[in-house]
Amino acid sequence: MKPRVTVLTLGVEDLERSLLFYRDGLGLPTEGIVGTEFEHGAVAFFDLQAGLKLAIWRRRDLAHEAKVAQTPPSSTEMTIGHNVASKEEVDRVMDQARQAGAVVTDPAHDTFWGGYSGHFMDPDGHLWEIVWNPAWDTDLL
């Protein structure tokens, strides 16, 4: 397998609510919900960096597509890491997420490894980490 991830799909309970959170609250670019003409097909895609998209899809439709039982969601299954260029940018993004309706679970703070980070949950409990790592090249961010 080549290390090429192109879409991260999050299962959500309420597609409209999540669309508002990611598009209007966090400012991620999207064409909105597409695929409504198909049973189990409604989805929204958000453009991230070159070649990578974030998708939101109803949990029940995701379970149907993958042929798995829908189980209770858990915030501890994974995090989405959003790296930024400064401590101040961590603070700005965390505040933007809070204002959009996110639950801040771990306010931004200096980390034991020399960085600065905080965590929030989106309306469906998906966990995001906003982080500044002084060892990473910020020109790439």
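Tutor: Lysine 67 is exposed, at 70% relative accessibility. Exposed means over 50% relative accessible area, buried under 20%, and partly exposed in between, with a 1.4 Å probe and protein chains only. The model is predicted, so local features need pLDDT of at least 70 and side-chain atom pairs count only at pLDDT 80 or more, while totals for chains, interfaces and linings use all residues. Residues are numbered from 1 along each chain as its sequence is written, and side-chain values use heavy atoms, with hydrogens and water left out.

Lysine 67 is not a glycine, yet its phi is positive, about 60 degrees. The residue sits in the loop between α2 (59-66) and β5 (79-83). Helices (H or I, at least four residues) and strands (E, at least two) are DSSP runs, numbered from the N terminus.

Histidine 40 also has a positive phi, near 70 degrees, and is a residue other than glycine. Its loop runs between β2 (30-34) and β3 (43-47). With a relative accessible area of 25%, histidine 40 is partly exposed.

Within helix α1 (residues 15-25), the buried residues are Leu15, Ser18, Leu19, Phe21, Tyr22 and Gly25. An α-helix has 3.6 residues a turn, so residues three or four places apart point the same way.
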